[in-house]
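Hello,

I am passing a structure on to you, and below it I have written out what I found when I went through it. Please keep it open beside this message as you read.

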Amino acid sequence: MLLQAENLRSGYGEMEILHGVSMTLDQGEMVVLIGPNGAGKSTLIKTIFGLLRPTEGRVRFRDTDITGYHPRDLVIMGLGYVPQTNNTFPTLSVLENLEMGAITRRISPLPLHWNRGSDQRRTQSRMMKDAEIRERAMETVEMFPNLQPKLREHAGSLSGGEQQMVALAKSMMLDPEVLLIDEPSAGLAPKLVDTVFSKIVEINESGTGIVMVEQNAKKALAIADRGYVLETGRNRFAGTGEWLLHNADVGRLYLGGQA
Amino acid sequence: MASTSSGGIPNQAAGRKLPWSEVIAFVAIAVIVLAGVLAGVLAGASPQGILTNVGFYASIAIIFAVLALGFNLQWGYTGLFNAGIAGFYLIGAYTMAIAITAPSPPIVIGGIPVYPGHLGGYSLPLAVGAILAMLAAGGAAVIIALPALRLRADYLAIATLAFASILQILANNLQSVTGGAIGITGIPKPITFVSANAPFLNAITIVGIGSAILLLFLLLLQFMAESPWGRVLRAVREDEEATMALGKNTFNYKLQAFALGGALMGLAGALFAVTLGYVSPSSSFAPAVTFSVWVMVIVGGSGNNRGVIVGAFLIYGLEWLSVQLKDYVPIALAAGLPTIRLLLIVVGLIAVIAAGVFVLFSRYMPTRGWGRVLRKIQERGWVRNGTIGAFALYGLGWVFVFLEQYKPGAIGDTIFYTRLMFIGVLLIILIIYRPEGILREHKRVLR
Amino acid sequence: MAQDSGSQTSSPDRARSRWAALRPTARLRRQLVQASIFALILVAVIGGLSFVFGIIVLQYAMGGLVVSSIVIVAAIGLTVLYGIRGFANFAYGDLMTLGAYISLLLSVNGLSLVWGAIVSFFVLAVVGILLEVVIFSRLEGRGPVPPIVASVGVGLIIQNGIRSIAGTAEWLYPVPASQDIVIVPGLGIHPVRGILTLVIGVTFVLSAHILLKYTNLGKAMRATADNLELAKATGIDTKRVTYAAWVVSCSFASTAGVLLGLGTAITPTMGFDVILLIFAAVIVGGIGSPYGAMLGGLLVGLSQEMSVPFLVWLERPDVIGLQFGSAYKVAIPFIILIIVLIFRPWGIAGRRPAFARRSYFIERVTRALGGERGAIDASVGEANGGR
């Protein structure tokens, strides 16, 4: 069990959105969270990633209880998160965006490393020099050929699909074990959605476990190993992608209107 | 946020809460007035002189209360942050002065222009002047709001602050309109008395007219706040996007609230012109006026009309008292200063040493016994704050010693600056710890 | 092209093709062209004016450049803090005053002014961190207004503290008196107030550029200014970035204060008097954008100083007979500020952010001309129509 959320209760301020949700992710697996609007899909991955504090329940990563950890510690431990919108730094160039993705492992010339303050024993990762980080950025960007000529452009000047690619590339800089992706297809043209999904599958095949929230349920379930259906902050269905895709109840309730 | 009902202690006998914070505020105002009277008695003033002085306090406090009502309409109800209150106040005062004074031509003595004259000499009735002042200030508010209202709060703050300082420069330099640095004098009183008691009677009339106006606008604003219009304003403050989605043109509502608030500030300016009998681009319209009004509204609780009036009387009371006590301060300070300085340094030194010992020992703290107490203190952040405070005190003490030699002039003058520093400290402390105000009764989140 | 060769050729070639992607791109070329056009226009305007009105225009332009370099140093500091902490620091002018007075204190006590300025640079950096720790960290996440109120409080404390300790009299830095260096008759520049200020201004602009473009801290600062939430989720230590922003902001304030004190006299309100100029520069350049602040500072400083001959011309009785015309030069930045707020509230160099909606004015004009409406305006219109 790589990542495990148990009975999470969480929400924004006094408004509780998750009323006890559980999910698991195995090594190298791809899990999709689907459900109607307001079901708490995004809230779930935000809570896992420490952006929201759960009032009840545990999150476990490998053997560590990471409930309530700061996102920075989770990045150092090997988790990554791609938000739904605003997921690049618009006034930084693409290359600088990628460099920021690896900032926690950078060896600083001064004794002020950017992973300072968190427990360094938890991370087995290797620290990198500036040149190595740049090399790593070049390696990463090879996965995304259409970014290669635009390394020096501002991320904000790119198209929506390219920005999504930058966000994925940025989170791949540290080769995380788990990548949490929030609606990668939001606001993209259908053709681009296929490209983004194929990139996500590629990332998954390289050994990264993926938890993905998706509105585009049919397409997502088709590429996922397993899926969870949430409704009003509770688990409703769970199963393999195939099974959910062909389950009559799920189909009637959540897949009906989808293309 | 510490926002349980502010200071209300249940009073079983009466069956309802006694508003302790308001009682304390009223007692404080009474103490201020008494102290002012006492200072007058000590200085050997006549009873009428003392009463005139108290009347002056009341009339200026009323003016500040009108300003605070205007700002409360803008910020407390609608969430529009105005940093140029002094500018609207200035427009009101000058409009009133130009409208109601008799013609005053330039004075030239021996080829040297002594007084440049000013626009005006219309000798209009007081009420017309006041209405013109409100229109002018409200119009200025519309002009300044048009580009800035759609933007984030800080743009409006910067634009209004800029507006206020430009107006002060204009008042100083546009001699043909404003009379330059001398200003406009000879503004007529509401009623002209011809007796030895004229100042006293004038003070009484002004306070009477001022309180009537204040009461009128308080009732009007209370009524408007409870009306559908007021509810939309509060909705704009809480969530503008949602209000927009409900089909309200939030921009128009914001513009109306801002213009009305500006008009109220203009009215305050008109009252000021009549109260003093002259206007000049002096400290009356300095940015400090704006900041004082902020403190009044925050003390009273933004969104609470009665509260901000009490706040105005309280904060202006402190200002007034500082003027009354000015002559007694040098004596007290001269006696106390060396002691204060010594105390600062001793306290600071002890605190620095204690903090140092604590930091050193916290590394090797035992887990049981006194170590636990220490850890608990540390967890609450006392050590960090205490250390910072100790260093600040210690440093301040030495700065005092070091700078003694550069201090020019009388110590008594510093009381004005100390007062402004006090307003600064109040602003910081209130906005951090009591953003809902001291006199606040309901729980509301400040934006 | 790069990806094609990457998969087939040997590794040195592959590495070279990777680095080839780092060569100057279209964006850099575009920026260079824009910058040179801007410089050309500037030179053309100044040259044209001085051709018509004589060499006095060049003298004013030189003065404008000196003022600009002070404004730019201050505006960079203000905008960096604005970008990262998200509020307008109204105490900034008073922090400048504090810096000027600290170096004054040291320099009248025998230390040279250079050392005084360096010491106050570091003292102000510490003051910045203290302000964040003691006051502003408690106001995080409460919107833009509470920090503004608190910063006004800080400003009042600094300004009046200085008044009650050092008095309200004017002070001057003990620098050796010297004459203007005459370049051509009618055009001179003061060695300290002119040349030194320009040199220090350029140095600070360059060091800000190096910090923001070539160090990791600077990149992290720009990233945090772009998107705080994403910066946290990326693993950037946003707390450290915040402290760094305070250090940069306050130490730049100190230097700007010393330069301002060199140019004129040192008074308790010297900083507060120029705060609007600096705000104008920051807004004209686009709030939160250091490069915009450089451009905005140049524009605002130059236009303020170069408006003086025009205002003096207005003073002539046969024109409009304005009294004290040159006193209005401080109103020029305000006019620029209002124009920018109406037409481009996100700044002339900035990108249009989500919160900057179209101004009411433009919207009405566009609507009156039958033009199309922006997205948000359209939603407002629909909402109104739906009632």
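Before anything else, please bear in mind that this is a predicted model.

I will begin with a pair of residues in chain A, where Arg9(A) has Glu56(A) of β4(A) as its bridge partner.

The hairpin formed by β4(A) and β5(A) has 2 residues between its strands, and in it Arg62(A) adopts a positive phi near 55°.

Next come two helices of chain C. Packed helices in general are described by the angle between their axes and by the distance between those axes. For helix α4 (residues 56-85) of chain C and helix α12 (residues 270-285) of chain C, the angle is about 65° and the axes are 9 Å apart, while the crossing of α4(C) past α12(C) is right-handed. On the α4(C) side the contact involves Val71(C), Ala74(C), Ala75(C), Leu78(C), Thr79(C) and Tyr82(C), and these meet Leu277(C), Ile278(C), Ala281(C) and Val282(C) of α12(C). Sorted by class, the residues of this contact are 9 nonpolar and 1 polar, with no charged residue among them.

Finally, there are the places where the chains touch. Between chain B and chain C, 48 residues of chain B are in contact with 54 residues of chain C. The helices of chain B that each supply at least two residues to this side include α4 (126-148), α5 (153-173) and α16 (414-433), and the chain B side consists of 34 nonpolar, 9 polar and 5 charged residues.

Chain C also touches chain A, with 24 residues of chain C in contact with 34 residues of chain A. Elements of chain C giving two or more residues to this side are α1 (2-8), α3 (26-53), α9 (216-226) and α10 (228-234), and the largest share, 6 residues, is that of α9(C). What is the make-up by class of the side of chain C that touches chain A? There are 9 nonpolar, 7 polar and 8 charged residues on it.

With best wishes

Notes: Residues numbered from 1 in each chain as written. Chains lettered and ligands numbered in written order. Predicted model: local features only at pLDDT ≥ 70, side-chain atom pairs only at ≥ 80, totals over all residues. Contact = placed C-beta atoms within 7 Å. Helix = DSSP H or I, 4+ residues; strand = E, 2+ residues; numbered from the N terminus. Nonpolar A, V, L, I, M, F, W, Y, C, P; charged D, E, K, R; others polar. Pairing = 2+ DSSP bridges. Axes fitted to C-alpha atoms, helices over the stretch in contact; angles between N-to-C directions. Left-handed = near helix turned anticlockwise from the far one by under 90°.
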